[in-house]
Each structure stands twice: as structure tokens, then as C-alpha cells.
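Hi everyone, thanks for coming. I'd like to walk you through one chain today, so please have a look at the screen.

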Amino acid sequence: MKCYKHESVDASATCQECGRALCRECSSRFSLLMCEGCLVQNNEIVKNRLIKGFVMSGIFFAIGIAFGIMGDSGLFATLVTGYGLFGAYWSYTLMSKFIKGGMPMPLIKGVLALFTGIFVAPFKIYWDVRELKKIEEIKATIISNGIAG
Ligand SMILES: [Zn+2]
Ligand SMILES: [Zn+2]
């Protein structure tokens, strides 16, 4: 079997999504064992999930601000409440990658998130933005070379 992109090169692996034959060079290009087309598709899903995270954390921030205003708590306390909920969202989603299960886990994670979010959020956001950048870079490289097939 020959590589789907390099017709003279023997395949050494197959795309885990569509089963296309990949040569050694093609199969080692990305961290996932996928052909270019499938990787771009897969990255779009990851990208949408990351963007959804930014939107959701923004909503949490707005809820925090609304609580602060309704409680008449002054500017500083209002901002802290907003940032607290904003951070809690990031911390909660991060914890959910490792801690699964039904009640009381979501409750425990929620309480922990309120205390850790302030510290976790900047790192998680930095990481997600980097991930987004990487996805865009890969896409740009693939498109500039033309997607085969
Ligand atoms: Zn594929
Ligand atoms: Zn190849």
C-alpha cells in the first residue's frame, strides 16, 4: 500500500479517522495519527470547544457582575465576584477532565473551583489561547500546501 499523498512511498500507518494510508513522513507530522483533511476537521471541533469556553466564562463573569450590582456591593467587590465566577468556570472545566462522576462530585468541584479559579484561570486561558494559535498555524500550513484528496 502506498501513501495517499506520496504515491511512490510505501505506507507505514493509516489515518485513525478515515483509514487513508500514510507514509512515515505523513504519519509523524501531527501529534494525532490523522491525514491532513481529518486533522483540519478534528481541529475545527477542538477550536469550537475552546471558543465556547471563552464565551461561557464571559457569561459567568457577567453573572458575577450582576450579583455584585444587585447586592449593591461596591465596585471592587463586584469585580471580585465577577472574576471569581469567571475563574471558577475555568477551574471547574479543568477539574472535570480529571474528576468525573455524579453527585457529590459536581458540588465538590464547584466549591473547589470558587477558591482555585482566581489562580487557575490565567494559566488555563494562556494554554487555550496557545492551543487555538497552534490550530490556526497548522490549518494555514496545510491550506498553503493544498489539502490532498
Ligand atoms: Zn483521514
Ligand atoms: Zn506521505
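First, the ground rules. This is a predicted model, where local features need pLDDT of at least 70, side-chain atom pairs count only at pLDDT 80 or more, and totals for chains, interfaces and linings use all residues. Residues are numbered from 1 along each chain as its sequence is written, and chains are lettered from A and ligands numbered from 1 in the order in which they are written.

So what do we have here? The chain holds four helices and two strands, and from the N terminus the order is β-β-α-α-α-α. Helices (H or I, at least four residues) and strands (E, at least two) are DSSP runs, numbered from the N terminus.

On overall dimensions, the C-alpha atoms fill a box of roughly 70 × 35 × 20 Å along the principal axes. The radius of gyration is 21 Å, whereas a compact globule of 149 residues would come out near 15 Å; that is taken over C-alpha atoms, with a globule rule of 2.2 Å times the number of residues to the power 0.38.

Now the domains. An automatic or database domain assignment gives domain 1 (1-29) and domain 2 (35-145), with their C-alpha centres 36 Å apart.

UniProt, in an unreviewed entry, puts "domain: B box-type" at residues 1-27. That span is 15% helix and 15% strand, and its end C-alpha atoms lie 14 Å apart. The UniProt annotation "transmembrane region", also from an unreviewed entry, covers residues 107-127. Here the span is 100% helix and 0% strand, with 25 Å between the end C-alpha atoms. Do keep in mind that such annotations may be inferred rather than shown by experiment.

Let's turn to α2. How far apart are the end C-alpha atoms of helix α2? They are 51 Å apart, which agrees with the 51 Å that 35 residues (36-70) should span at 1.5 Å a residue; the expected span is 1.5 Å times one less than the number of residues.

Which residues of α2 are buried? They are Glu 36, Leu 39, Asn 43, Ser 57, Phe 60, Gly 64 and Gly 68, where buried means 20 or more other C-beta atoms within 10 Å of the residue's own, with C-beta atoms placed from the backbone. Their cover includes α3 (74-96) and α4 (105-145). After α2 comes Asp 72, with a positive phi near 55°.

Finally, across the chain, 22% of the 149 residues count as buried. Thanks, and I'm happy to chat.

Methods: Buried ≥ 20, exposed ≤ 12 C-beta atoms within 10 Å, placed from the backbone. Contact = placed C-beta atoms within 7 Å.
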